Amino acid sequence: MTCKRWIAETLFESLGVRTSFAVERVLYETQTDHQHLVLFEHKHFGKVLMLDGATQVTTRDEFIYHEMMTHVPLFAHGQARQVLVVGGGDCGIAKEVLKHPTVERVTQVEIDASVLAFAKEHFPEMAGPVFADQRFRSVIDDGMRYAAETDQEFDAIIVDSTDPQGPGAVLFTPAFHAACKRCLRPGGVLVSQNGVPFFQPDELLASIGSFRRLFADAGCYVAAIPTYVGGHMAMGWATDDSNLRHVPRETIAARHQAAGAFPTRYWTPEVHQSAFALPRFIADIVDRAR
Ligand code: SAM
């Protein structure tokens, strides 16, 4: 009987935590110019993509993260026309953004061209509809340089980055947040993947502190993604329009109707609103941030 290979998530090894997946089949593995990339089949999670030992996306639970990172800021804003996605090479976020008819253009700035090429081949269910949409614009660049230099302006910026290691580290710095503020239109909103507070409290503390120095309203909302181990994932929230997080449920529901009431599997107007009700230990991190 052949022994199955197990692939470990090593992001939290320093905490003495390691999660391993039994591999049905390795579909693709390479060292890109920026990171180690492996895609494998798993009997429960389907296709699993890992970059530098951290789970990025699985076909089984991607909908939770992608819907919450996209529909919360876009339905809160209500009139987003220009959207910037930083990172997001698997195209899961762009796919959700393009469900919003108000959106005239989504610009995706991904540093690693091989992740994009790989997504077209191995995640056609996400990349296919995106590359077929005229409103999609793909840029291969460092998100820091792009946000600091672009003359474009955006109503929403969604930072779907790797963790603060390797190429992703710069996307958790005050310099990057300031660059995002620079290309965000008045009343625009910035959201960012901000780790799992139970294992990565300092990451959230630092980001909220940085947001608080730049924006009138800084905080986070949460969702639980099975393969982002450690409980709630925090999604950083920053805007100068403090009303955006308080848009009534009825208005959110009406905006979803006006957008054609496209089907969702996690996001609902109620989940949208309740995602800002933080568990005490996460609220304490947000309150402490300076
Ligand atoms: N949802 C995943 C998560 O929460 O961990 C992230 C998925 S997405 C694949 C992350 C992407 O960010 C990767 O494709 C990576 O190449 C890209 N990335 C990392 N650093 C970047 C940078 N400085 N500029 C632009 N893209 C970057």
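User: Leaving aside its neighbours within four places in sequence, which residues is Arg25 in contact with?

Analyst: Please keep in mind that this is a predicted model. Contact here means heavy atoms within 4.5 Å. Once neighbours within four places in sequence are set aside, Arg25 is in contact with Leu39, Phe40 and Glu41. Arg25 itself lies in strand 3, which covers residues 25-31.

User: Is Arg25 buried, partly exposed or exposed?

Analyst: The relative accessibility of Arg25 is 46%, so Arg25 counts as partly exposed.

User: Which residues does Val26 contact, leaving aside its neighbours within four places in sequence?

Analyst: Val26 also belongs to strand 3. With those neighbours left aside, its contacts are Arg5, Val38, Leu39 and Phe40. Val26 counts as partly exposed because its relative accessibility is 33%.

User: How should I describe two packed helices?

Analyst: Two packed helices are described by the angle between their axes and the distance between the axes. In this structure, consider helix 7 (residues 201-214) and helix 10 (residues 280-288): their axes come within 8 Å and cross at roughly 45°. Because of that angle, helix 7 is oblique to helix 10. The crossing of helix 7 with helix 10 is right-handed.

User: Which residues of helix 7 and helix 10 meet?

Analyst: From helix 7 come Pro201, Leu204, Leu205, Ile208 and Arg212, and they meet Ile282, Ile285, Val286, Asp287 and Arg288 of helix 10. By class, this contact holds seven nonpolar residues, no polar ones and three charged ones.

User: Which residues are buried in helix 7, and what do they pack against?

Analyst: An α-helix has 3.6 residues a turn, so residues three or four places apart point the same way. In helix 7, the buried residues are Glu203, Leu204, Ser207, Ile208, Gly209, Ser210 and Phe211. These buried residues pack against helix 6 (174-182), strand 11 (184-193), strand 12 (217-224), strand 13 (232-239) and helix 10. As for its length, helix 7 has 14 residues and reaches 20 Å from its first C-alpha to its last, close to the 20 Å expected at 1.5 Å a residue.

User: At what angle do the axes of helix 6 and helix 7 cross?

Analyst: They cross at roughly 40°, and the axes come within 10 Å. That angle is why helix 6 is described as oblique to helix 7. Helix 6 passes helix 7 in a right-handed crossing. Pro174, His177, Ala178 and Lys181 of helix 6 make the contact with Ser207, Ser210, Phe211, Arg213 and Leu214 of helix 7. The classes in this contact are four nonpolar, three polar and two charged residues.

User: How do the axes of helix 1 and helix 8 cross?

Analyst: Helix 1 (residues 62-77) and helix 8 (residues 249-258) have axes that come within 9 Å and cross at roughly 100°. Helix 1 is therefore roughly perpendicular to helix 8. Phe75, Ala76 and His77 in helix 1 meet Ile252, Arg255 and His256 in helix 8. This contact divides into three nonpolar, two polar and one charged residue.

User: My last topic is backbone angles. What is phi of Asp52, and where is Asp52 placed?

Analyst: Phi of Asp52 is near 50°, a positive value in a residue other than glycine. Asp52 sits in the loop between strand 5 (46-51) and strand 6 (54-58). Its relative accessibility is 32%, so Asp52 counts as partly exposed. Cys91 has a positive phi too, near 70°. Cys91 is placed in the loop between strand 7 (82-87) and helix 2 (92-97). With 0% relative accessibility, Cys91 counts as buried.

How values were computed: Residues numbered from 1 in each chain as written. Predicted model: local features only at pLDDT ≥ 70, side-chain atom pairs only at ≥ 80, totals over all residues. Heavy atoms only, no water. Axes fitted to C-alpha atoms, helices over the stretch in contact; angles between N-to-C directions. Helix = DSSP H or I, 4+ residues; strand = E, 2+ residues; numbered from the N terminus. Parallel < 35°, antiparallel > 145°, perpendicular 65-115°, else oblique. Left-handed = near helix turned anticlockwise from the far one by under 90°. Nonpolar A, V, L, I, M, F, W, Y, C, P; charged D, E, K, R; others polar. Expected span 1.5 Å × (residues − 1). Buried < 20%, exposed > 50% of the residue type's maximum accessible area, 1.4 Å probe, protein only.
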